[in-house]
Amino acid sequence: MVSRILMMFVLLVTLASCGTPYLAPPQKGIRGYSGSNNSYINLVAEKNRELLDEYQSEKSMYPNNVKNGQPDNEKDYQPVWGLALSGGGLRSAAFCIGAMKALYDKDYLGKLDIISSVSGGGYASYWLLTRNRMSPPKTGFFGETAFGDKFFIENLYHLKSKGNFVKLHTMLLSLIKSDNAAFSSYEKAIIDHFGNNISEDTKLNDTKLMDNKAPYFILNTTLKAHPHSDTLSTAIEFTPRHMGNPEIGFHEWNKKDDALRLIEENDALRLSEALTISAAAVKFKLTREIENRSSSFPGEKLLLSDGAHSENLAAISLIRRGVKNIIIIDAEHDPDYLFPGYINLKRILREMEIDLTVVDIDKYLKQGSDVKFNNYYKSAVFIGNAKTIPIKPNNIEKPLEITIYYVKMSMPSGISKKIENETVVDQGKGLKKTNDAIYKRNKRKFRDLSSFPELDRPLLEQLFIHSVHFYGKWLNEKSVWRHFGYTFPHTPTADQSYYTDQLDAFVGLGYLETNELPDLPEKTKE
């Protein structure tokens with residue numbers, strides 16, 4: 001316990017920021033308009049089409065943008081499904097892994113065109129992408145080697161076997177190391193825990209990362225600029241195709257530079273380096289300096305830090321592209337249920353004249369502090385929309401309306417009722433005891449643990465109900481932890497360690513909550 005408290009203290013006292021004087025260019029994301037001036041609607045639509053066309057080079061990499069077995073390069077194609085994984089350190093990583101397992105079981109995962117992530121959510125997307133690259137699925141279903149019934153329990157135990165993410169002594173030593181050494185130490189921890197033994201030199205544009213129908217992925221980071229810079233201007237993207245944003249421009253990997261000299265070597269960042277930048281929450285030590293290839297931003301270097309410093313839900317990158325359906329997994333630290341990530345996203349979109357409305361969340365936020373979220377709602381899943389976005393000039397009757405599926409990490413009454421079912425809890429306890437015994441007997445030859453049983457959805461739910469019940473009850477009954485902000489599920493993000501029962505509980509909660517999403521509409525399965 002003492003080590004955890006010290007670890008949190010070390011992180012919290014080093015959250016100081018050092019700014020840069022440069023003002024980022026004004027934001028120019030796609031805009032909404034709900035007025036009745038047809039001429040202005042057409043102007044907005046034409047500008048939005050120009051902005052959407054900036055992503056044209058990506059569209060051949062969207063796994064579901066295919067006609068007759070070949071990528072469809074039609075300009076009008078809009079990605080249909082996107083997943084946004086929020087920041088939140090190890091807590092978010094575990095919750096997002098559970099959420100993606102539920103999406104896999106519900107047939108959503110294979111329909112994704114894009115996965116966008118920030119910080120801890122990026123750990124989860126990195127874990128999925130590297131596992132997909134390392135062990136191609138035999139059936140051709142994306143995510144099988146991570147989430148298939150034959151693999152998932154083994155993968156989970158392998159992750160649990162890693163123990164602490166960044167140990168206390170490592171963190172303390174990082175304070176006296178150079179910034180580069182501290183960054184490298186953090187990057188190594190990410191690789192060791194979530195990288196699944198792929199090469200540390202794997203680049204962002206490694207074509208094998210996109211094998212087996214893998215979605216296009218985005219790692220979001222934040223440009224350190226003048227405090228008065230627009231939020232969108234500071235939200236920088238790393239993708240397999242390029243880095244940048246519409247404001248400062250995009251640098252496409254392996255293209256000619258401004259002097260038209262051909263870059264001979266692959267100039268893409270390493271995947272793990274880009275992820276570490278996206279998760280660089282401690283500005284004092286982890287801000288990364290990279291070459292500035294933008295003509296719209298001064299200076300030879302760009303200073304980049306955690307994507308949560310601009311937008312913690314990872315949704316802006318998907319909205320920029322006009323993704324028609326966006327699933328947001330919100331696992332940020334929010335013990336009082338104030339929805340800071342949602343409010344920030346709503347604010348950013350309002351500046352773009354896009355109306356973000358999730359009725360049940362808005363209704364709850366108007367109730368005031370006397371209403372307890374966990375009692376107010378039965379489910380943690382909410383459905384809303386972002387509208388009205390003209391994108392087709394001379395066709396003003398059909399603006400883009402983005403459907404938002406919002407999953408909030410919480411303990412709503414529906415989940416609480418499930419974990420209080422003593423029969424199911426006991427059944428899950430038996431499953432866990434069996435799996436623990438298998439792991440204990442075979443951990444020395446961990447790579448060949450074929451004796452784990454396959455767990456279908458009902459059995460897996462039993463296992464996770466037990467995990468959430470056991471750890472949540474244990475933590476919430478410990479008054480000493482409450483003094484340091486530990487209340488399940490909103491444990492502090494600054495805690496960079498985890499116990500096996502803790503990991504089980506967050507993965508389990510992510511699964512149980514996301515499993516409440518409506519089944520995928522039949523028309524999208526074709």
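Predicted model: local features only at pLDDT ≥ 70, side-chain atom pairs only at ≥ 80, totals over all residues.
Visitor: How do you know that the length of α13 agrees with its number of residues?
Guide: Helix α13 covers residues 340-351, which is 12 residues. The expected span is 1.5 Å times one less than that number, so it should be 16 Å. The end C-alpha atoms lie 17 Å apart, which agrees.

Visitor: Which residues of α13 are called buried, and what makes them so?
Guide: They are Gly341, Tyr342, Asn344, Leu345, Lys346, Ile348 and Leu349. A residue is called buried because its relative accessible area is under 20%. The cover over these residues includes helices α9 (231-234), α12 (316-320) and α14 (359-365), along with strands β11 (325-330), β12 (355-357) and β14 (400-408).

Visitor: What makes β5 and β6 a pair?
Guide: Pairing needs at least two bridges. Strand β5 (residues 216-223) and β6 have four, in the antiparallel sense, so they count as paired. Thr222 has Ala235 of β6 as its bridge partner.

Visitor: Why is β7 also called a partner of β6?
Guide: β6 and β7 (residues 242-245) share two antiparallel bridges, and at least two are required, so they pair. Phe238 is bridged to Met243 in β7. A hairpin of three residues joins the two strands.

Visitor: How do you know that both faces of β6 are covered?
Guide: In a regular strand the side chains alternate between the two faces of the sheet. On one side of β6 (residues 235-238) are Ala235 and Glu237, on the other Ile236 and Phe238, and all of them are buried.

Notes: Residues numbered from 1 in each chain as written. Heavy atoms only, no water. Buried < 20%, exposed > 50% of the residue type's maximum accessible area, 1.4 Å probe, protein only. Contact = heavy atoms within 4.5 Å.
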